[in-house]
Amino acid sequence: MQLQKIQIRETGNNDFNDIMEVEKQAFGYDKEAELVAALLTDKSAEPIVSLLAFYNNTAIGHILFTRVYINTAKTQSVFHILAPLAVKPEFQKQGIGGELIKAGLGILKERGTELVFVLGHMEYYPKFGFIPDAGRLGFSAPYPIPEKHANAWMVQALGARSIEEYQGKVICSDELNKPEHWRE
């Protein structure tokens, strides 16, 4: 499969079934799909950036970025969190997730997002500019991250301001701001 044959685009109302199929296949269970379905209708998660990757007109990957707030931010800055990233098993390890991340970060930057957070694989996300251990940089996760997984809580600056200009606790949308989404 050649990456140039992959098309990535923002999702619309008619893409719901494709999104659910990608999420269920990628994770092998329904929990992530149910979270995505809830996030897509969660007004506190807006503005949302939701992208699908297609190969031969078949949805093979999905990424979702939802709005977050920092409890001490005094500006009207916009912040997002990446959760989740999903690629169907037969298309994994071929660069599709990375292409979705890059496309999503590009859109967020164009739209003025200052910071993007992710709780994810400690060796994967730094390849795309995420800085491990956002807690060390002054960003508390919505729920405590065990010390052994501190590097999995990451941040990336997209705007003109530096990361050092912000600190505080990250507050996710209503659906994502639940303890069950922050456990191992």
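Good morning. Ser77 is buried, with a relative accessible area of 10%; buried means under 20% relative accessible area, computed with a 1.4 Å probe on protein chains only. The model is predicted, so local features need pLDDT of at least 70 and side-chain atom pairs count only at pLDDT 80 or more, while totals for chains, interfaces and linings use all residues. Residues are numbered from 1 along each chain as its sequence is written, and side-chain values use heavy atoms, with hydrogens and water left out.

Where does Ser77 lie? Its place is the loop between strand S3 (58-70) and strand S4 (78-87). Strands here are DSSP runs of E with at least two residues, and helices are runs of H or I with at least four, numbered from the N terminus.

The side chain of Ser77 makes two kinds of approach that I shall take in turn. With the side chain of Arg161 there is a polar contact of 3.2 Å, and with that of Tyr166 a polar contact of 3.1 Å. A polar contact is a pair of N or O atoms within 3.5 Å; within protein, one must be able to donate a hydrogen and the other to accept it, and residues adjacent in sequence count only if both atoms are side-chain atoms. S3 and S4 run antiparallel and are joined by seven bridges; strands pair if DSSP finds at least two bridges between them. His62 has Ala86 in S4 as its bridge partner. On S4 itself, ten of its ten residues are buried. S4 also pairs with strand S5 (residues 113-119), in the parallel sense and over five bridges, and Val78 has Thr113 in S5 as its bridge partner. From S4 the chain crosses through helix H3 (residues 96-110) to S5, in a right-handed β-α-β crossover. Right-handed means that, with the strands pointing away from the viewer, the path from the first strand over the helix to the second runs clockwise.

Finally, the core. Which residues touch the most other members of the largest nonpolar core? Of its 34 residues, these are Ile70, Ile81, Leu115, Phe117, Phe139, Trp153 and Val155. A nonpolar core is a set of buried Ala, Val, Leu, Ile, Met, Phe, Trp, Tyr and Cys residues joined through side-chain atoms within 4.5 Å. Among the elements that give two or more residues to this core are S3, S4 and S5. Leu115, neighbours within four places in sequence aside, has contacts including Ile70, Val78, Phe139, Val155 and Tyr166. Thank you.

Definitions and conventions. Buried means under 20% relative accessible area, exposed over 50%, partly exposed in between (1.4 Å probe, protein chains only). Contact means heavy atoms within 4.5 Å.
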